[in-house]
Amino acid sequence: MIEPRTLLLGALATVCFSLTGYVLVPALGVETTPITLENGRAYPPVLSEQAAQGREVYRDLGCVYCHSQQVRPETFGADLDRGWGRRGSLPVDYVGQQPPLLGTMRTGPDLADIGTRQPSETWHLLHLYDPQLTSPGSNMPPFRFLFDEVEGHDERALTLPEGTVANGVSVVPTARASALVAYLQALQQPPDVTGSSDE
Amino acid sequence: MSDLDEPDIAALHKAVLREQKEPIEGREPVPIWMGAVFVVLIAWGGWYLGRYDARFDTQRADMQPLVTEVKSSPPSEPNTARGDAAMVERGAELFGGRCAACHQATGKGLPGVAPPLDGSEWVTGDPERTTRVVLHGLTGPIEVAGQPWNGAMPAWGATMTDAEVAAVLSYIRTAWSNDAGTVSLEDVKQVRDAHADRSAPWTADEL
Amino acid sequence: MAELEHAQLLAKLDGSCRRPVLLFLISAVVWLLVGSTLALIASIKLHAPEFLANDAWLTFGRMRTAHLNSVAYGWAAMAAVGVLLWLVPRLTRAPLRGTRLLEGAAWAWNGLVAAGVVAILTGYSTSVEWLEFPLPIAMGLTVCFAVVAGAGLDALHRRQVDHIYVSLWYLTAVMVWFPVLYLTANIGIHGGLLSGVAQAMTNWWFAHNVLGLFVTPIALATLYYVLPKVIGRPIHSYYLSLVGFWALALFYNWAGLHHLVGGPVPMWAVTVGIVASMMMLIPVTTVAFNQHMTMRGHFHLLRSSPSLRFVVFAGMSYAVVSAQGSFEALRGMSEVVHFTQYTVGHAHLGMYGFFSMMMFGGYYFILPRLTGREWPSATLIRVHFWCSAFGIAVYFLALTAGGVQQGLLLLDPGVPFLDVVQATLPWLQARSWAGLALTVAHIAFAISVAQMVLGLAPARGTPTLLAQRVTSQGGAA
C-alpha cells in the first residue's frame, strides 16, 4: 500500500537526487572562468563584437540543429582523422558560453574548429549564399536572405558564376552575414590549452 | 455543463453505463527468473560504474585520456616511403577533409575563391615551392593556368604534421591529370626547417 | 442497483472535469495539426534544400524547432494534461475543483505556446534543445502547470478511496516532477546561473526527463487504466507495478547524460547516464510483462476496440523503444549512431509510437464519455490507426537503417563528408513519405474529434467498433 505522502516525498527525493548530481555538482565543479595559457593569454578568448553578433545569428537561425561543436577525442570516433579538430574538445573550450552550442546532430560537419579548417571569408560567404557553389550535393539550405541584391557594381559583392543573378546586379552580404562569418572564423580550438586556472 | 453537475439517470452517458468495473491490481508475484535477471543487470551496472568512473573527477571529459594531456601529433602517421600508394591514399583523405572545400574534389578550384590544382604549374612544378605554399599560405595576386587570381590560402604548417603535408602534396601532384611524382617526409621537413622563422604567408612574387 | 450508483458516480466525476479536459484535448489536436505541417516542411527541406528557401522564418533551423516545440508543448503536453485531469477524479473518486481556473490555464497555455512558436520563427529561439521558448513564456507555462498540479493534488487530498491505484502513482509523481524539472532548467539555463558544460548537462538532464518524468508516466497511467478497463480484468500484478514505478522514478532521472557520450563533459556523469539507461530495462520489463499477462487471452479484442488497439500498440512500442534506448546509450553503440538520424528515429518511436499512440487510445476512450456521442465513423478510425502505424513504422525503419549507414560512413575518414550526405538522402525522402502518412492519420483523427465535440456524431449509446465482437464481453470502446 502506497500512501500519497510516500509518493510525493519519493518523487521529490528521486528528482532531487539527479538534480544534485547533474545540475549542482557540475555548476560548482566544472571550470567557469577562463584559464591563463603558458603564453600569458586568456583562454578561451573573448569574441570580437562582430563575432559575438554572429553567434546570435547562429543561434536565431538554428544552425545548432545540424552542426555540432564538439570534437570527439582520439579514442572515440574519427573526428581527428577527418580534420575536424586537432584534439578532443574539453570543458575549458566552453567556459562562459551561453548557451554552449554543443549540438547533437551532424547533418552537416562539426564546426568546433571550423575557423582553423576554413579561414576564408569569401568561401564562407559563397557557401552561405548558395552551398551548391562550394559544396555540390550538400543538403544545407541557402541563406540568400542574409544577402542584398543591389543594382550596379559594389566592391563588397560576391564573385558568382555567370548567370547566378541578373546582369548588372551585385550580391552584397548584409551585416548579419558578415557577423556570422566572423563568428565562424573565430571558432577555433587550439591544440595546446595547458595552463593555470585563475582560481 | 449544469446538467452534468447534478447528474440524473436521463443525463447519464450511455458510455458510462456500459463500462467495466474500475481497474484493480492482481496479486501475482514477480517471477523468479525476472528477479534473477534484474540482479545480474544491477551487478553489471556496478561493474560499469566502477570501470568508467574516472574517479568522479568533474574536470575529466568523457573518453579523454587526461584533461591536460593533449596529444602532440595526429594518431596516424602514414608510411612515408617515396611513391608509397598508402601515402597517396592518406593524402586523398586529408585533401577531402581540408582542401576540397575550396579546391574541390575535382581539383578544378572554385571561381572567385580558389584556383585549380589540376593542371596547375604551381602544383606540378618545383615541389619545394608548393611545400612552402602549403606550410605558410599564400596571399595576393597570382596567375594560375593563364588566369589571374587574387585570394588568400591559409597556412597549414601549424595544424598538419610533415607527414601529412607530404601525403597531401603527393596526392595533388599525382591526382587528376597531374603526373609529377610524390614528396617525402624528409623533403617537407627540410623546407619547414629552412623557413622556420617564417610566419607571414608567401606572395607570388616571393615564390 | 449498485452498478447504477457506480455509473452515476462516474458520470459525476466525468462531469466535474468535463470542460477543462475537453479544452485541453481539443487544443492538443489543433497543435498536432500545426506540428505535423511544420514537420512535413522541415522534413522535405532536408532532402530538397531549395524548398521554401527564401525567407528566414522558413529556414530549416527554425521550422524544425517550431515543429518540436509545437508538438512537445502543444500536442503532447496538452494531451497529457487533459488525460491527467480526466484520470485524477476517476482514480480519487473526488470531483475536480477549480475548473474555471483550469480553463483559464488551458487558454493561457495555448496563447503561450503560440507566442513561443512565433518567437522561434522570428528568431527569438534560445537554441537550447527542448527549452527553446524564451524565459517569460516558460515561466507562464510553469504557472499554468502549477494550476493543473494544484487541482490534481487537491483531488488527491480529498480522495474517497483507500487504495491508490497504480495509474495515480504515476500522475502524482508527475505533478511533482515536471514543475521541479521545468523550473530548475529554465531558471538555471535562461536565468544566467549556468554556462558552458554545466549548462549542457542541465539541458540534457531536463530534455531526457521531459520524456521520462512527464510524458512517459502519463502514458503509463493511461495504459494501466484503459487496458483493464476495456478488457474487464485486473492488472496482472501489483508487485510488478510497484517495481516498475520505483525503478522508473530512480533510474530515468539519471539517464539523460548519455546524450553527451564522447563529449566534453565529465566522464563519470556520462557513465552514470549509461548505467541508468541500462537499468531502465527493469521498469520496462515489468510494464511489458504486466501488460502481456493482463492481455493474455484477450487479444481478440484488438480487432474491435479502437482504444485498446492504440493503447496496446503504444505499450509494445514502449517496450521496443526503451530497450533500444538502453543499448543505444552504450559507448560502443553511441560511437556509431550518435549525431545521426538514428537518434531522430528513436525519438519519434518514443514520442509517437509510444506516447502519441497512447494518447490516441485515451481520446478514443475518453471523448464518448465527455461528449455523450459515439465516434462517427469506424472507417476514419481505421484510416487513423493504419496511417499512424504504417507511418511510424516506415519512419522508424528508414531512419534507423539510414542512421546506422550514416554513422558507419562518418567513422571512415576516407569517405568525403558530402558522400555521407548523399547516402542519407534516400532515407530522408522515405521519412517525408512516412510523415505524409502520419499527417493523413492526424487529419482523419481531427475530423472525428471535430464531429464529436461539435455534436455532429451520433448519440446512439452503442460503441463504434472496428469489428463485430465475437463475445459479448466488454462494452467499453
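## The sheet of chain B

Strand β1 (residues 138-144) of chain B runs antiparallel to β2(B), and 7 bridges join the two. Strands here are DSSP runs of E with at least two residues, helices are runs of H or I with at least four residues, and both are numbered from the N terminus. Two strands are said to pair if DSSP finds at least two bridges between them. This is a predicted model, in which local features need pLDDT of at least 70 and side-chain atom pairs count only at pLDDT 80 or more, while totals for chains, interfaces and linings use all residues. Residues are numbered from 1 along each chain as its sequence is written, chains are lettered from A and ligands numbered from 1 in the order in which they are written.

β1(B) and β2(B) form a hairpin with 2 residues between them. In the turn, B:Ala145 has a positive phi of about 50°, and B:Val144 stands opposite B:Gln147 in β2(B). β1(B) is also joined by 2 bridges to strand β3 (residues 202-203) of chain B, and this pair runs parallel. Here B:Leu138 stands opposite B:Trp202 in β3(B).

## Chain B as a whole

Chain B contains 9 helices and 3 strands. From the N terminus on, its elements run α-α-α-α-α-α-α-β-β-α-α-β. Of its 207 residues, 39% count as buried. A residue is buried if 20 or more other C-beta atoms lie within 10 Å of its own, exposed if 12 or fewer do, and partly exposed in between, with C-beta atoms placed from the backbone.

Two residues are in contact if their C-beta atoms, placed from the backbone, lie within 7 Å. Among contacts in chain B between residues at least 6 apart in sequence, 59% join residues at least 24 apart.

## Where chain B meets chain A

This contact takes 25 residues from chain B and 34 residues from chain A. On the side of chain B that touches chain A, α4 (85-98), α5 (100-103) and β2 (147-153) of chain B each supply at least two residues. The largest share, 3 residues, comes from α4(B).

By class, this side of chain B has 14 nonpolar, 9 polar and 2 charged residues. In this classification Ala, Val, Leu, Ile, Met, Phe, Trp, Tyr, Cys and Pro count as nonpolar, Asp, Glu, Lys and Arg as charged, and the others, Gly among them, as polar.

Chain A has 6 helices and 5 strands, which follow the pattern α-β-β-α-α-α-α-β-β-α-β along the sequence. Its radius of gyration is 22 Å, well over the 16 Å that the globule rule gives for 199 residues, so chain A is more spread out than a compact globule. The radius is taken over C-alpha atoms, and the globule rule is 2.2 Å times the number of residues to the power 0.38. Along its principal axes, the C-alpha trace of chain A spans about 80 × 50 × 35 Å. Of the 199 residues of chain A, 51% count as buried. Residues 24 or more positions apart account for 70% of the contacts in chain A with a separation of 6 or more.

In the contact with chain C, 61 residues of chain A touch 70 residues of chain C. On the chain A side, α1 (4-29) and α2 (49-61) each supply at least two residues, and α1(A) gives the most, with 16 residues. This side of chain A has 35 nonpolar, 18 polar and 8 charged residues.

Helix α5 (residues 166-190) of chain C has 25 residues and reaches 36 Å from its first C-alpha to its last, close to the 36 Å expected at 1.5 Å a residue. The expected span is 1.5 Å times one less than the number of residues. α5(C) bends by about 25° at C:Val174, where the bend is the angle between axes fitted to the seven residues ending at a residue and the seven starting there. α5(C) is mostly covered, with 21 of its 25 residues buried. After α5(C) comes C:Gly192, whose phi is positive, near 80°.

C:Leu248 lies in helix α7 (residues 238-251) of chain C. Why does C:Leu248 count as buried? C:Leu248 is buried because 27 other C-beta atoms lie within 10 Å. The C-alpha atoms of C:Leu248 and C:Val394 are separated by 29 Å, and the two residues are 146 residues apart along the chain.
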